[in-house]
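Dear colleague,

I am passing on the structure we spoke about, and I would be glad if you could look through it alongside the notes below.

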Amino acid sequence: MARFGMCAALVLLILPGGGCVTVVSSRGASGQGPVPGDSAVEHGPNCETLQAARSMTSDIFKSDVLEPVAARRDLTTHEQIHLVDVVIHDFSSDIFRKDVLVLLARNPALSPEGRAYLVDNLKGMSSDIFRSDVVEALQEERAPRTK
Ligand SMILES: [Zn+2]
């Protein structure tokens, strides 16, 4: 809890007033190809958090910040895609990628487009064991839920 508090404070320090609307695609030139989450057209309220996480160097802090976002019920399709981009491109280790993506996979708000984008980007993970955790979570979500 204390760590999360510190983390939240960190986010506030990092966030400039403008939020992610000011972010223009700069990754295309770096040879990584187009990143749809960077398109800056339909950024949602959760995008600020996504951009803030991006500036963190440690996967531990990134996942601390992004896990609650991945589980949000009001996540838009753009935010789902943006989240996948951040997790795949800006995390350095699959174990933390898996933690966030499993939550997104289980999120009832995951749209068909978000789901397809997530599946398509699983190739961005290098280890099969963590990738299969995400696939299992996607299948769980599809199964009828017991409340
Ligand atoms: Zn966005």
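What follows covers the confidence of the model, its nonpolar core and one of its helices.

Please keep in mind that this is a predicted model. The mean pLDDT of the protein chain is 80, with 67% of its residues reaching 70 or more. Among the elements of the chain, helix H1 (residues 2-14) has the lowest mean pLDDT, at 47, whereas H5 has the highest, at 98.

The largest nonpolar core holds 24 residues, of which Leu66, Ala70, Leu83, Val87, Val100, Leu101 and Leu104 touch the most other members. Two or more residues come from each of helix H2 (47-54), helix H3 (59-70), H4, H5 and H6, and H5 gives the most, with 7 residues. Leaving aside residues up to four places away in sequence, Val87 touches Leu66, Arg97, Val100 and Leu101.

Helix H6 (residues 112-121) has buried residues in Gly114, Tyr117 and Leu118. These three lie on the same side of H6, because they cover an arc of only 100 degrees around the axis. On the other side of H6, Pro112, Glu113, Ala116 and Asp120 are exposed. Helix H4 (77-90) and helix H5 (94-106) are included in what covers the buried residues of H6.

With best wishes

How values were computed:
Residues numbered from 1 in each chain as written. Predicted model: local features only at pLDDT ≥ 70, side-chain atom pairs only at ≥ 80, totals over all residues. Buried ≥ 20, exposed ≤ 12 C-beta atoms within 10 Å, placed from the backbone. Helix = DSSP H or I, 4+ residues; strand = E, 2+ residues; numbered from the N terminus. Arc of directions from axis to C-beta. Contact = placed C-beta atoms within 7 Å. Core = buried A, V, L, I, M, F, W, Y, C linked by C-beta atoms within 7 Å. pLDDT = per-residue confidence, 0-100.
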